[in-house]
Amino acid sequence: MRVILIGPPGSGKGTQAHLIETKLGIPHISSGDMLREAVTEGSALGKEAESYMSQGALVPDDLVIGIIMERISRGDACEGFLLDGFPRTLPQARALDNALQEASCVIDHALRIKVPDEEIIQRISGRRIDPVTNEIYHTLFSPPPPEIAERVIQRTDDNEDTLKKRLAKFHQDTGPILKFYAEKGLLKVVSGVGATKEVQQRIFEAIQISV
Ligand code: AMP
């Protein structure tokens, strides 16, 4: 199964992607994670991407399309994948469509997870990441255990100003993407508000898999 997850930062995409990945055994491919890895490695791509990411701006299409196309062509993605954070623009959606058509494959579902902006801001400003395991915590809702509390970090683009820019950009870019997949009859919209389990049930129902 090939699924695209569409939701703003902090909509719970990562958590839900992990649950679907575990259930279906398909790789969870996050463009944001791949770009952050490139930045950490200090590769040429990472250096170029970093200047956009730290501003809350989108990385240019040709860079992101290149890394995602390479990733979905690997063996572990041939039975399916879960794309998280990609496509974010129409040229990205078209590039994905063309690549899949060439491989005689299709997208099965484009899943939009909706969460009000005020809730996103509350969720993200408390978000902390363990740099060793990549586990995500929240200062209020799921605080890190005491033994790792000292080492958790806040992503540089998780501050409120950058976040507001990212949300505005998300809403601006998402309209055409939603229309693109709605016209293909692939768009499913679910609310991302509520407990992880509740959201999971809505998502599994929408993409027709059993919990
Ligand atoms: P995310 O973890 O999905 O919130 O992505 C973090 C940052 O990486 C974004 O603010 C963008 O700068 C960049 N990024 C991630 N995915 C894409 C994409 N599909 N197109 C362009 N930039 C992206």
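Gln-208 is found in the segment after helix H8 (196-206). Its phi is positive, about 55°, although Gln-208 is not a glycine. The model is predicted.

**Backbone geometry**

- Most residues other than glycine have a negative phi, and most peptide bonds are trans.
- Gln-208 counts as exposed, at 64% relative accessibility.
- Asn-134 is another non-glycine residue with a positive phi, here about 70°.
- The loop between strand E5 (127-129) and E6 holds Asn-134.
- Asn-134 is exposed, and its relative accessible area is 58%.
- A cis peptide bond runs from Phe-86 to Pro-87, with omega near 0°.
- Pro-87 sits in the loop that links strand E3 (81-84) to helix H5 (90-102).

**Ligand surroundings**

- There are 16 residues around the ligand.
- Ser-31, Ala-57, Gly-85, Gln-92 and Arg-166 come nearest.
- Ser-31 places a polar side-chain atom 2.7 Å from a nitrogen atom of the ligand.
- Val-59 takes part through its backbone: one of its polar backbone atoms is 3.0 Å from a nitrogen atom of the ligand.
- Arg-166 has a side-chain N or O atom 2.9 Å from an oxygen atom of the ligand.

**Second largest pocket**

- The volume of the second largest pocket is about 240 Å³.
- Its lining includes His-28, Ile-29, Ser-30, Asp-33, Met-34 and Glu-37.
- Also among the lining residues are Ala-38, Glu-41, Leu-45, Ile-67, Arg-71 and Arg-74.
- Three elements each supply at least two lining residues: strand E2 (28-30), helix H2 (31-41) and helix H4 (61-72).
- H2 gives the most to this lining, with five residues.
- By residue class, the lining of the second largest pocket has five nonpolar, two polar and five charged residues.

**A buried aspartate**

- Asp-158 lies in the loop between strand E6 (136-138) and helix H7 (160-183).
- Asp-158 is buried, because its relative accessible area is 1% and the cut-off for buried is under 20%.
- The side chain of Asp-158 makes a polar contact of 3.1 Å with the side chain of Arg-127.

**Cysteines**

- A disulfide is a covalent bond between the sulfur atoms of two cysteines.
- The structure holds zero disulfides.
- Cys-78 is in no disulfide, and its nearest cysteine sulfur belongs to Cys-105, 8.5 Å away.
- A disulfide needs the two sulfur atoms within 2.5 Å.
- Cys-105 is partly exposed, because its relative accessibility is 21% and the buried class is under 20%.

Definitions and conventions:
Residues numbered from 1 in each chain as written. Predicted model: local features only at pLDDT ≥ 70, side-chain atom pairs only at ≥ 80, totals over all residues. Heavy atoms only, no water. Buried < 20%, exposed > 50% of the residue type's maximum accessible area, 1.4 Å probe, protein only. 1 Å grid on protein atoms, 1.4 Å probe; cavity = no way out; pocket = protein on both sides within 12 Å on 5 of 7 lines; lining within 4 Å. Points joined across faces, edges and corners; volume = space filled by probe spheres on them. Helix = DSSP H or I, 4+ residues; strand = E, 2+ residues; numbered from the N terminus. Nonpolar A, V, L, I, M, F, W, Y, C, P; charged D, E, K, R; others polar. Near = heavy atom within 4 Å. Polar contact = N/O pair within 3.5 Å; in protein donor to acceptor, adjacent residues only side chain to side chain.
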